[in-house]
Amino acid sequence: MCGIIGYIGQKKISPILIDGLRKLEYRGYDSAGICVLSQGELKTIKRMGKLEELAASPEVAKLDGAIGIAHTRWATHGEPSEKNAHPHLDCQGNIAIVHNGIIENYQVLRDLLLKEGHKISSETDSEVLAHLVEKFYQGDLLQAVKETLLLVRGAYGLAAIHKNHEQIIVARKGSPLVLGLGENEMFIASDVPAILEHTKKVVYLNDDEIAIVGQTDYQITNLEGKEIDKKVEEIKWTVEQMEKKGYKHFMLKEIFEQSEAIANTLRGRIKDGQVKLSIDFDVKKIKRIIITACGTSWHSGLIAKYLLESIAEVSTEVDYASEFRYRSPMVGYSDMAIVISQSGETADTLAALREAKERGAKSLGIINVVGSTISREVDSGIYLHVGPEIGVASTKAFTSQVVALLLLTLYIRQQKGMSLDKDLLRDLSDIPEKIDQALHRAEEIKKIAEQFKDSKNFLYLGRGLNFPVALEGALKLKEISYIHAEGYPAAEIKHGPIALIDQNMPVVFIATKNNLSEKIISNMQEVKARRGIVIALVSDSEEKVEQIADYIIKVPETKDELSPIVNSIPLQLLAYYIADLKGLDVDKPRNLAKSVTVE
Ligand code: M6R
């Protein structure tokens, strides 16, 4: 994780770097630091805690210079502290580096450097990079960084500056880095939002590429020195899309954006009763689908399994990317690997993709961030087009992933020559309206949240397509409110979890109308009989549940295939309001980061 930004140009440097870090705070926010080359000296300021600690420091405002790098940290090695914050310097204070990733062999390198007399002052893996560059430096910073990188094992997005050079050296392996090309100025960053205010022209670095960046030019090579000609890309997102637009939190804004977001995912993809996707290989030939993803994206993958097997009639497995990559999976040429990732940068998902490709599978990405690493490595893909998601808790990306996966399911069915359900296509096109209706009930959900903000535990139960929705509801609640929450298939609780039910246990049932609703109502009775508190999420026309449930959340009626999209909305709102009522930092929950680029 961690966020990196760098600047070389003639403008006042500290606002550029600090504002850039603000846009990257979703990547980590336990400490931050800045280093500027000023009158031949490197001036470094670091602060423990949120970025505002650094931003508010009067020394930062005084910084002046034409070259600088800055970093916001998500701790991997060494606790969050000022000493462990980046930038890290070499012994002489001539070289500064910022790093995102993990240096796996740092201990060996650290021991070697200590033996050679280097003074290492932090507990981080990253600091060895500054000392290795120092060790190899003989007047050529690029060469010293290259020699350093040939020694390290692990992942890095790296930026280095030296007090004698008007350049920034950047390199990438496993952690994203992008160059921003301005007029007589250059930027480097972990992610586009950090530089979007200044330029929309970017060049993405690939793994094993290194760049030397000056004020007006740059050159990209591989570590062997072979020059690489890269395409300059134009970013379509606007600065406005990145801002809160009057909402208290990005998460709330992103929840309320969902009807528009999903309209964008659908745009141009359903036409004349057909699903239009451009997939570069023949999906008819696919015998089996393997979905890999992490967290919320894994939940949308679980929903897709139900859809792909019942509608497209293709056998589908879903695996955590972190498990898939190390379990010698049986994958071959007739398989398709679907990787789902909002950020397109999740380290485990990327590694799972590479593993599946290596074993001969065709690959398809369901990705939001255009130009992200995964989007560039898949054989084909479906972009979500929901705009940037800044809140750490994924909301609009989740619902649009489900939409994209349903489109894919229908497309596979269509390509196999099977007829499409016209009503389902129509209802899918109309789903933004249903989302809006669900959002109109936010105030009712807030009232329920008030009752439960002090609960210690929660259970979420669902069946069929709504079992993954239960998992997702529980994940949303735990990650932002720190309330312990579990999701289960409703019928499974009698095999153990029912022992937890008492008068203090709120149980959220996702019980909208489908062929299993009678059964789930019986599960509700089982909870009620043990004095559990039932919060039932039901379809508008449902009446039976009113005598059983303590609290009722109604959602507009949809076809079962679309119910995960609509049912997720109140669960997102419930988690949001509980966390906000507890006074927590909803957009930046403790210990988390938006983009998990370490394994
Ligand atoms: O960017 P990705 O979709 O690959 O991210 C995967 C997970 O890290 C992410 O969904 C995480 O679980 C979110 N915090 C959930 O809200």
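Where does the ligand sit? Select the ligand to begin: its place is the largest pocket. Here a pocket is an open set of points on a 1 Å grid over the protein atoms alone, with protein on both sides within 12 Å along at least five of seven lines, and a molecule sits in one if more than half of its atoms lie within 2 Å of its grid points.

Before going on, note that this is a predicted model, in which local features need pLDDT of at least 70, side-chain atom pairs count only at pLDDT 80 or more, and totals for chains, interfaces and linings use all residues. Residues are numbered from 1 along each chain as its sequence is written, and side-chain values use heavy atoms, with hydrogens and water left out.

Next, show the shell: 14 residues surround the ligand, each with a heavy atom within 4 Å of it. The closest are S297, S341, S343, T346 and E479.

Now zoom in on the polar contacts (pairs of N or O atoms within 3.5 Å). The side chain of S343 places an N or O atom 2.7 Å from a ligand oxygen. From Q342, a backbone N or O atom is 2.7 Å from an oxygen of the ligand. At T296, a polar backbone atom is 3.1 Å from a ligand oxygen. The protein buries 91% of the 410 Å² that the ligand exposes when taken alone, by the Shrake-Rupley method with a 1.4 Å probe.

Step back and select α9 (295-312) and α17 (466-481), which each supply at least two shell residues; helices are DSSP runs (H or I) of at least four residues. The largest share, 3 residues, comes from α9. Colour by domain, and the ligand lies between domain 2 (238-429) and domain 3 (440-599), because both give residues to its shell; the bounds come from an automatic or database assignment.

One last stop is E313, in the loop between α9 and β18 (315-320). E313 has a positive phi of about 55° although it is not a glycine.

Key. Polar contact = N/O pair within 3.5 Å; in protein donor to acceptor, adjacent residues only side chain to side chain. 1 Å grid on protein atoms, 1.4 Å probe; cavity = no way out; pocket = protein on both sides within 12 Å on 5 of 7 lines; lining within 4 Å.
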